[in-house]
Every structure is written in structure tokens, then in C-alpha cells.
Amino acid sequence: MEKLAVVYRGKAKTLYTTADPHRLILEFRDDASAFNGRRVEALAGKGAINNQINHFIMQRLQAAGIATQLERLLSADQALVKKLTMLPVECVVRNRAAGALCRRLAIAEGQVLNPPLFELFLKSDALDDPLINEFYGYTFGWITPEQYRQIKQLTFQINALLVPLFEQADLLLVDYKLEFGLLGEQIVLGDEISPDNCRLWDKKSGNKLDKDRFRQELGHVVESYLEIAQRLGIEVHQNSEVTT
Ligand code: 5GP
């Protein structure tokens, strides 16, 4: 399957059309961005690691009955995905307090959140992805009540699968962001699940192994991503063709 034209270039991924109007190629670039694109750097090897972590996790979710956009790996840093019409919202799940929640409500970092929090944000770079709730979605036509019901249910199902998956790798899944899209009427998980959009801490030491290493300039970003992959049992390929 060949890349044809660029349909969307995000901060760390590019989507290309293919000869099949229902399939796109998702390329994970080495670019890392933080603070809504105000800091951008290239981190050699990150794209391939994230592509393969995303593939591993999406496959696990798919096997557990969650519909995902992912079809198959095409190469170290590219995957074939179904073309979705994305909902313009981001869903954030928080199992422990970190990041924006600590800043917004002065909650201590690391506090266990039981039950986990579910937050909705409008996807808008121009507005810095503001926090909204479902009623904004209904009023402004971003999401219907039925879509909201489904994405909330799917998000909690996904959380119940991901927490133990990372736990087995001695990793705490602190929080993460999910995006959903429509395939016809069906709600399907899109975007990615990788250390770029999850907070993952070492269970024993509490060390941060995710994109906070880049945001907070802690160093060893790619090494930490690779450690996550290795703990999950993924043998990461760089530059080679992957045919699974
Ligand atoms: P926070 O709201 O604390 O900034 O982020 C919560 C979680 O969602 C973190 O794991 C963070 O990586 C993820 N997240 C939230 N918004 C975005 C976004 O626009 N891009 C990415 N890559 N991750 C996000």
C-alpha cells in the first residue's frame, strides 16, 4: 500500500491517502511537541517506537472487542488505518492526579483517583483544547447524547483493559487521552495510544517514562519510551520493513 497525498499533518503524525478511499497510512514522525506546539524537537527513533507500541496496544484492545482504527503495521514507523470521521473532542481518563488536574485544582501529584476521572476537551489548537462537558457538545453540535454515552462507556472499558496491561509491565497508567471517530454509525477508537499521550510511571520508583520527560526537560526521552516497549514485550524495529 503506497502513500499518495497528505491529508493531515499533526504535531507528531502525518496521515496520507492511499489507493483505497477507505484506508489511510498513519506515519509516526520523530517530532516531539509540547505546549501546543510552542516547543518542537526531533527525537531520533521515537516515531518507530510509538508506532509499534500503538500497534501492540490497539491489537490487544481489538482482541478484547474494542473497535479500533488500526488495520496492520506497514513498516517500522507506519501503519494502515481505517478512514474515520473524527469527533472534535478528546477524552481524558485520570487514574492518578498529574498535569493539568494538579494545576487546575491544586491536587497533589500522584493522588489515587477512585473512581477514575473522565474529562472532555474540545479539540482546538487555536483555543488550547479547552475543558468542556457533554452539554457543550450537545449545544454546539460537537457530539450527540448517544455518542457521548458510547464514548464514555468505551473509555471505561478501555481503562479496565489498559490498567492491568501496564501493571503487568510494572507501569502505573496515570492518565491518557483518547480520540474516537465514526465509521458509518459505529464509534471507533482512533488516533494513538503511546507514551506521547499517556502518563506512565515506574510502579516502584515513580519515575516518569512518558512525554513528561520531554515537557519537563528530564532527558532520556527515547530511552524511556523504549523501556516501556521492552517491558510490554515488544521487540522494536527501526527502519526495517515490518510485515506482520
Ligand atoms: P493534561 O490534561 O494533564 O495536560 O493531560 C492528560 C493526559 O492526556 C496526559 O497523559 C497527556 O499526555 C494527554 N493529553 C491531553 N491532551 C493532549 C494532546 O493534545 N496531545 C497529546 N499527545 N496528549 C494529550
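Me: In which strand is Lys177 found?
Reply: This is a predicted model, in which local features need pLDDT of at least 70, side-chain atom pairs count only at pLDDT 80 or more, and totals for chains, interfaces and linings use all residues. Residues are numbered from 1 along each chain as its sequence is written, and side-chain values use heavy atoms, with hydrogens and water left out. Strands are DSSP runs of E with at least two residues, and helices are runs of H or I with at least four, both numbered from the N terminus. Lys177 is found in strand β12.

Me: Is Lys177 buried or exposed?
Reply: Buried means under 20% relative accessible area, exposed over 50%, and partly exposed in between (1.4 Å probe, protein chains only). Because its relative accessible area is 18%, Lys177 is buried.

Me: Which side chain does a polar contact of 2.7 Å join to that of Lys177?
Reply: A polar contact is a pair of N or O atoms within 3.5 Å; within protein, one must be able to donate a hydrogen and the other to accept it, and residues adjacent in sequence count only if both atoms are side-chain atoms. At 2.7 Å, the partner of the Lys177 side chain is that of Glu179.

Me: How far from an oxygen atom of the ligand is a polar side-chain atom of Asp129?
Reply: Arg94 places a polar side-chain atom 2.7 Å from a ligand oxygen. For Arg199, a side-chain N or O atom is 2.9 Å from an oxygen atom of the ligand. For Asp129, the corresponding distance is 3.2 Å.
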